[in-house]
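Here is a short briefing for a first look at this structure.

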Amino acid sequence: MSTITLNQINTLPRAEAAALLSGLYEHSDWIAEQALDARPFASAAALKHAMVKVLEKAGRAPQLALVRAHPELAGKAMVSKSLTAESTNEQTKAGLTNCTPEEFAHIQQLNASYNAKFGFPFILAVRGPRGSGLNKQQIISTFERRLHNHPDYELAECLRNIHRIVEIRLNDKLGYEPALGHEVWDWHEWLAQFSDVGAMNKHAPHTAREELTVTYLTDAHLKCARTIELGMKACGFDEVHIDAVGNVVGVYKASSAHAKTLMTGSHYDTVRNGGKYDGRLGIFVPMACVRELARAGKRLPFNLEVVAFAEEEGQRYKATFLGSGALVGDFKHEWLDQKDADGITMRQAMKHAGLNINDIPKLTRNAAEYLGFVEVHIEQGPVLNELDIPLGVVTSINGSVRFVGEVVGMASHAGTTPMDRRRDAATSVSELALYVEKRAAQQPNLVGTIGMLTVPNGSINVVPGRCQFSLDLRATTNELRDSLMHDVLAELKAICERRGLHYTLEETMRASAAPSDTKLQAAWENAVQSLGVPVFHLPSGAGHDAMKLHEVMPQAMLFVRGQNAGISHNPLESTTSDDMQLCVDAFMHLLHNL
């Protein structure tokens with residue numbers, strides 16, 4: 001295929017430029033043609049976004065027509081060899097033209113079920129998040145999962161996959177490869193080979209082996225640390241070491257002595273059965289930048305300190321932010337006596353890992369020596385994915401408060417206790433959950449969750465006498481968080497008084513909101529703008545290591561779009577090598593312009 005250039009697209013007469021973009025959208029060249037109204041494009045990413053906007057503004061009928069213009073996967077058009085050249089290439093690379101009779105029959109049944117439910121064909125970017133192709137099992141698993149979606153959501157998911165197909169096709173036309181994005185994507189695969197669960201289930205079914213769980217100071221965790229340490233050394237960092245809490249620290253020195261330091265990084269531990277990118281993206285993106293700087297023999301006017309934080313998720317022990325907390329002087333000695341589910345204390349785990357507990361106080365950084373902290377992170381939410389925007393500038397990290405509690409009523413016979421005589425603990429917590437949902441929805445950027453609801457020793461024929469629950473409340477400011485908390489706790493008290501119950505409640509965590517530093521946020525905005533993609537602002541509802549560093553120095557974050565509705569803390573967590581490339585480019589721009 002002869003390649004085209006962005007300059008040709010920007011400067012040729014409209015009809016000629018449109019002809020160059022023919023075939024991007026299946027039997028729907030009008031989308032690319034209308035996008036030319038936005039010329040000139042500062043980048044390929046800008047052209048991609050212009051096409052997204054054209055289809056968004058077109059409305060539902062043209063969107064449905066576009067989806068229906070696509071062939072079924074391994075469908076009649078493939079059998080009759082009437083696919084477009086682009087679709088033939090994609091389905092062949094995915095192995096769909098070489099199915100076994102059983103695979104082909106299963107896909108045909110899935111096609112029939114999908115069309116019956118939605119009225120349009122299943123669309124999947126079969127070349128996948130790296131562009132190198134999904135295998136047949138990944139395709140079939142995605143097909144089966146998406147059959148359960150709501151029709152409106154599924155239409156939107158088809159359109160997002162179409163835009164991903166177009167992105168890859170445009171890359172092909174331009175002869176473009178997101179080379180650094182591919183490498184960073186591969187590094188995530190490289191680190192995901194280490195898992196607490198995987199190590200224990202080597203003979204388990206394929207799906208079980210793929211579960212990713214890396215908790216603080218397990219064998220898998222220690223292997224991750226060593227792998228990151230070796231990776232930093234290979235990238236050209238001047239100093240690399242593992243510190244007293246297990247953080248992997250790499251420093252790329254400045255062009256002059258006595259320069260200040262910019263800190264960046266994120267965590268490499270995971271939740272149980274988590275995703276590959278949460279935290280780790282914020283380690284590998286700056287590592288890629290350092291490698292490129294080192295290869296070019298370039299130095300920055302400041303030291304760049306990249307920290308792969310050992311713990312953020314609070315999965316093995318109750319304490320959280322152990323890695324970043326130690327750097328701001330917030331490591332509590334009593335945490336060392338906490339025990340995990342197997343009765344192993346943190347002190348024992350640290351000793352087993354070869355860490356020197358006595359050195360932990362020495363990890364506290366002098367904030368006066370730092371320019372601040374910046375962090376890259378996968379969004380962990382649906383906003384960027386729904387808008388089809390690759391990057392988002394974070395305005396603030398939400399403040400949060402968490403509780404665990406128990407409501408106590410009276411266990412009684414489910415058949416003989418009249419409805420107006422019951423002291424049901426579970427329905428009281430359910431009532432509170434509905435109130436939390438309603439109250440949090442009254443204002444933007446508030447969220448409230450009762451994520452755990454347990455009836456100890458519950459029975460099918462017993463009115464619940466006890467109900468244990470968790471409560472998680474978050475908001476963009478401490479004031480909004482505290483107002484939500486006040487109302488929710490007042491409602492809990494009122495529910496229990498009205499129902500003749502009593503309750504206990506323990507606050508387990510409180511974190512202040514962390515608004516982004518004006519200067520560092522502007523640096524991220526300029527970096528995103530330089531790529532030709534929209535500068536979109538959003539708050540972070542999740543907690544991040546940046547929250548801890550915010551206690552002593554300025555901070556600002558950049559989000560990267562997630563796939564699969566932006567889901568995180570889940571094996572379906574995903575992002576593309578194209579978006580990773582944009583993230584690396586944005587980070588490099590920030591480094592050169594801070």
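In this predicted model, helix H14 (residues 219-235) packs against helix H15 (residues 281-296). The angle between them is about 25 degrees, and their axes lie 8 Å apart. Angles under 35 degrees count as roughly parallel, so H14 and H15 are roughly parallel to each other.

**The contact between H14 and H15**
- H14 contributes Ile-228, Gly-231, Met-232 and Cys-235.
- H15 contributes Ile-283, Met-287, Val-290, Arg-291 and Ala-294.
- By type, the residues of this contact are seven nonpolar, one polar and one charged.

**Helix H14 itself**
- H14 has 17 residues, which should span 24 Å at 1.5 Å a residue.
- The end C-alpha atoms of H14 are 24 Å apart, in agreement with that span.
- Buried residues of H14 include Ala-220, His-221, Cys-224 and Glu-229.
- Ile-228, Gly-231, Met-232 and Cys-235 are also buried, and these residues take part in the contact with H15.

**Asp-340 in its loop**
- Asp-340 sits in the loop between helix H16 (322-327) and helix H17 (346-352).
- Is Asp-340 buried or exposed? Its relative accessible area is 11%, so Asp-340 is buried.
- The Asp-340 side chain makes a polar contact with the side chain of Arg-316, at 2.8 Å.
- The Asp-340 side chain also reaches the backbone nitrogen of Ile-344, at 2.8 Å.
- Apart from neighbours within four places in sequence, Asp-340 is in contact with Arg-316 and Tyr-317.

Definitions and conventions: Residues are numbered from 1 along each chain as its sequence is written. This is a predicted model: local features need pLDDT of at least 70, side-chain atom pairs count only at pLDDT 80 or more; totals for chains, interfaces and linings use all residues. Side-chain values use heavy atoms; hydrogens and water are left out. Axes are lines fitted to C-alpha atoms, for helices over the stretch in contact, and angles run from 0 to 180 degrees between N-to-C directions. Helices (H or I, at least four residues) and strands (E, at least two) are DSSP runs, numbered from the N terminus. Angles under 35 degrees count as roughly parallel, over 145 as roughly antiparallel, 65 to 115 as roughly perpendicular and the rest as oblique. Contact means heavy atoms within 4.5 Å. Ala, Val, Leu, Ile, Met, Phe, Trp, Tyr, Cys and Pro count as nonpolar, Asp, Glu, Lys and Arg as charged, and the others, Gly among them, as polar. The expected span of a helix is 1.5 Å times one less than its number of residues. Buried means under 20% relative accessible area, exposed over 50%, partly exposed in between (1.4 Å probe, protein chains only). A polar contact is a pair of N or O atoms within 3.5 Å; within protein, one must be able to donate a hydrogen and the other to accept it, and residues adjacent in sequence count only if both atoms are side-chain atoms.
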